[in-house]
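Subject: Structure handover

Hello,

Here is the structure I said I would pass on. Please open it next to this email, and my notes follow below.

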Amino acid sequence: MLKSRSDEEDYWNTNKFQAFTFDDEDDELRESKAAVSSLPRLTADDDDDLGLEKVSWSGEPVGSISWSVGETAGARVAGADAGPVRVPGDPAKVNAGHLLGSLFKGRKNWTASASAEAWSRAAGTTWAPEIRLPRSHKPDLAGDRSPGEVVDRMRRGKAASLEAFRCLSEKMELLDSAVDAHDGDVVTAVLIFLKKSLSQEVLFGQLASRRTALMHFINYLSESGQRRLLLDLYRSLGRHEDAALLQYREHLGVADGNERRDFLNGCLSLSFCAEDRAHVRDQMALLERQMLLEAADGEAQRSGKAEIFQKYPRKASVLHLPLVTTLYYCCFYHYERPEGSSDGPGELRRSFKISEKQFLVTALSALAKRKSWSHVDALFTRRSWLGFTRKKSPLAFRKVVEVLHRNGAPAPVLRDYVGLVEDVDARLALARKHKCHDLVIETYRELKERRALLAYRGQVEAGSAQERKIDELLANAQIRWKN
């Protein structure tokens, strides 16, 4: 049966049993209340407003991660001890997160027995004093420093806050201080801050009058791959050719031949000068020729009809290769093609106006690689209007010998081209190096160097034709030797 509220109050007021109330004057309850009242004062120090930092005996700030780890370890060692955590093994060093005096704050009603009990507990415990660090020892991120001081801190690798620079004039002063410090890393860091805190229009307008900072910003955008922002920067500065070149470079990421050709065709409408636009057209023409070569040569290699592809199989596609590499390809696989053929090296040379020297060097490398020595001779042979033939080259024959030797040319071929070297000392050095004995002997005879010829006699094989020839020359009385 439920009672009314008035009946319940009468019951508690008249009965010998009384309900629990916080107003109870029991001594034990008052002591518990005092302890609860003192808890906030254990965790909130009145001196915190001073900006000082509490540290433990280990020198670590109270509340840090490393201090928390030490506190946890100490608690495990102390076991069920409900008192302050002590450092095992050393009673003089304890983890003091609170001042001793703070334990007594708020304790107004102290009896003699409670005081004696507190001192008996404190007798076996040594409390560490609170060691505080000055504000200067803390990481200084204050924003009341000048731009020059902030830049100096950044140069020395210290933490610095840039968010305190809010107005445009302060930010520009910070950028100018970074540029004056001649530290590229600091300049880049400030530019990244400005990029985040300023609009594009304002930032681009300020960089237009700061050449050094602008160069750093362009390099940063290029290295970080922010192509769209860099393109907007070029356009805002009126550097249309740079913007066109940046867009043109995108073709390098297009692998398909037809797609790249279409992209290059679209680049013709960009703000290129006449010379650069002509280069883009030449690149389109080269790509179209490469696409024809790739289709025809790929089919010839798969069908097995062309002997050259069976003897020297292709290792890579000819698509997207540079002009000189394409010329080398045509000289290697299509040198015998008739004059005027679209896949022949001669037609490629005429279409792209390749110089004689460049063509000769490229053709020599390709023909020597495939051991076509007869074609190499034809490459250097010139016929006069009287019908006489002689070897002539815009390239020094010393370099021709190097190419032939590198590709394993036979001794007779090497001897012919070593003999075409005009400088006598260079000719003798090459003849000795490649063991062209007859050429060395003839050169010494022309120079009338008897002692050199006699010394060289010991370097040829005994009883050989070269030794007999040296003996005949030494015995010839008609030769007037120098020594």
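Arg382 has a relative accessibility of 28% and counts as partly exposed; buried means under 20% relative accessible area, exposed means over 50%, and partly exposed is in between (1.4 Å probe, protein chains only). Before going on, note that this is a predicted model, in which local features need pLDDT of at least 70 and side-chain atom pairs count only at pLDDT 80 or more, while totals for chains, interfaces and linings use all residues. Residues are numbered from 1 along each chain as its sequence is written, and side-chain values use heavy atoms, with hydrogens and water left out.

Salt bridges

Arg382 makes a salt bridge with Glu356, with 3.5 Å between the closest N and O atoms. A salt bridge here is a side-chain nitrogen of Lys or Arg within 4 Å of a carboxyl oxygen of Asp or Glu. The two residues are 26 apart and link distant parts of the chain, as Glu356 is in helix α17 (residues 356-369) and Arg382 is in strand β3 (residues 381-383). Helices (H or I, at least four residues) and strands (E, at least two) are DSSP runs, numbered from the N terminus. Glu356 is partly exposed as well, at 40% relative accessibility.

By the salt-bridge rule the count is 18. Another of them joins Arg350 to Glu347, where the closest N and O atoms are 3.1 Å apart. Both residues sit in helix α16 (residues 345-351), three residues apart, which is about one turn of the helix. In general, an α-helix has 3.6 residues a turn, so residues three or four places apart point the same way. Arg350 has a relative accessible area of 44% and is partly exposed, and Glu347, at 23%, is partly exposed too. Through shared partners, salt bridges join Glu339, Glu347 and Arg350 into one network.

Arg239 and Asp242 form a salt bridge with their closest N and O atoms 2.8 Å apart. Arg239 is partly exposed at 31% relative accessibility, and Asp242 is partly exposed at 29%.

Helix α12

Which residues of helix α12 (residues 257-267) are buried? They are Gly257, Arg260, Leu264 and Cys267. These four cover an arc of only 75 degrees around the axis, so they lie on the same side of α12; the arc is that of the directions from the helix axis to the C-beta atoms. The buried residues of α12 pack against α11 (240-248) and α13 (274-303). At the start of α12, a side-chain oxygen of Asp256 comes within 3.2 Å of the backbone nitrogen of Asn258.

Aromatic pairs

The structure has eleven aromatic pairs. Rings of Phe, Tyr and Trp (its six-membered ring) pair if their centres lie within 6.5 Å; planes under 30 degrees apart count as stacked, over 60 as edge-to-face and the rest as tilted. Tyr248 is in helix α11 and Phe272 is in the loop between α12 and α13, 24 residues apart, and the pair links distant parts of the chain. Tyr248 is buried, with a relative accessible area of 18%, and Phe272 is buried at 10% relative accessibility.

The ring centres of Phe380 and Tyr417 are 5.7 Å apart and their planes are at 65 degrees, so this pair is edge-to-face. It also links distant parts of the chain, with Phe380 in helix α18 and Tyr417 in helix α20 (residues 411-418), 37 residues apart. Both Phe380 and Tyr417 are buried. Separately, Phe309, Tyr312, Tyr328, Tyr329, Phe332 and Tyr333 form one aromatic cluster.

Cysteines

How many disulfides does the structure hold? The count is zero, a disulfide being a pair of cysteine sulfur atoms within 2.5 Å. Cys330 is in no disulfide, and the nearest cysteine sulfur, that of Cys331, is 7.1 Å away. Cys330 is buried, with a relative accessible area of 1%.

Arg427

Arg427 is in helix α21 (residues 424-433) and is buried at 12% relative accessibility. Leaving aside neighbours within four places in sequence, its contacts (heavy atoms within 4.5 Å) include Val418, Leu439 and Glu446.

Regards

How values were computed
A polar contact is a pair of N or O atoms within 3.5 Å; within protein, one must be able to donate a hydrogen and the other to accept it, and residues adjacent in sequence count only if both atoms are side-chain atoms.
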